[in-house]
Amino acid sequence: MSDFYNKILENNKKWVASKLALDPDFFNKLKDTQKPPLLWIGCSDSRVPANEIIGAQPGEVFVHRNIANMVIHSDMNMLSVLDYSVNALKVKHIIVCGHYGCGGVKAAMGSLPVGIIDNWIRHIKDSYRFNEHEIEQIKDENEKFNKLVEINIIQQVLNLAVTSIVQKAWSRGQELSIHGWVYGLDTGLVKDLDVTFSSGERLKDNSIYKLNF
Ligand code: CO
């Protein structure tokens, strides 16, 4: 077995010991139920560990991650997570957290085929096309990349807001806010993109679809 493999098994034992040292009942309290206030939809990128960057403890965040933090309306995996989070767990917040330097977004900006992922990120290419005028005004390649990362996050927040699951929750008055965040790999800091939706009202404003928040 590799050193890394052995190390992570050891790490688990140490982690359990450290939790029990603080609270001998830590795992006992968690075993029967969960009531997380937050659903996190993030990128699979190993450098953006959901719980860790927001200091969340076990039981506090329900997590769904995929390449480039996508919310695709026909994705049964995402829909199942969303349905369970909203209708069974009754989360109060959903955060779509993307990150600068996202490989999925970068691949969508290029024209070279990568593989199966080309189909997955096809939607990001569409976002690029819909916002081409604004993106093309940016001369610096890195700033262009950052802009598309942000546009992609905002688009996924909008995609979430119009799902039947979220729409139904709002129509029956359930407390639920959806937010868009971007994470900086080089700083560890998140930035709230100020695209929070707490009801269907904001969706009636046509200007939001131009993504110029
Ligand atoms: Co990424």
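Modeller: No salt bridges are found by the rule across the interface of domain 1 and domain 2, a salt bridge being a side-chain nitrogen of Lys or Arg within 4 Å of a carboxyl oxygen of Asp or Glu. This is a predicted model, in which local features need pLDDT of at least 70 and side-chain atom pairs count only at pLDDT 80 or more, while totals for chains, interfaces and linings use all residues. Residues are numbered from 1 along each chain as its sequence is written, and side-chain values use heavy atoms, with hydrogens and water left out.

Colleague: Where do the domains lie in the chain?

Modeller: Domain 1 covers 1–32 and domain 2 covers 33–210, with bounds from an automatic or database domain assignment. Their centres, taken over C-alpha atoms, are 31 Å apart.

Colleague: Changing topic, how many helices and strands are there in the protein chain?

Modeller: The protein chain has 10 helices and five strands, which are DSSP runs numbered from the N terminus (helices H or I, at least four residues; strands E, at least two).

Colleague: And what does the C-alpha trace span?

Modeller: Along its principal axes, the C-alpha trace of the protein chain spans about 60 × 50 × 30 Å.
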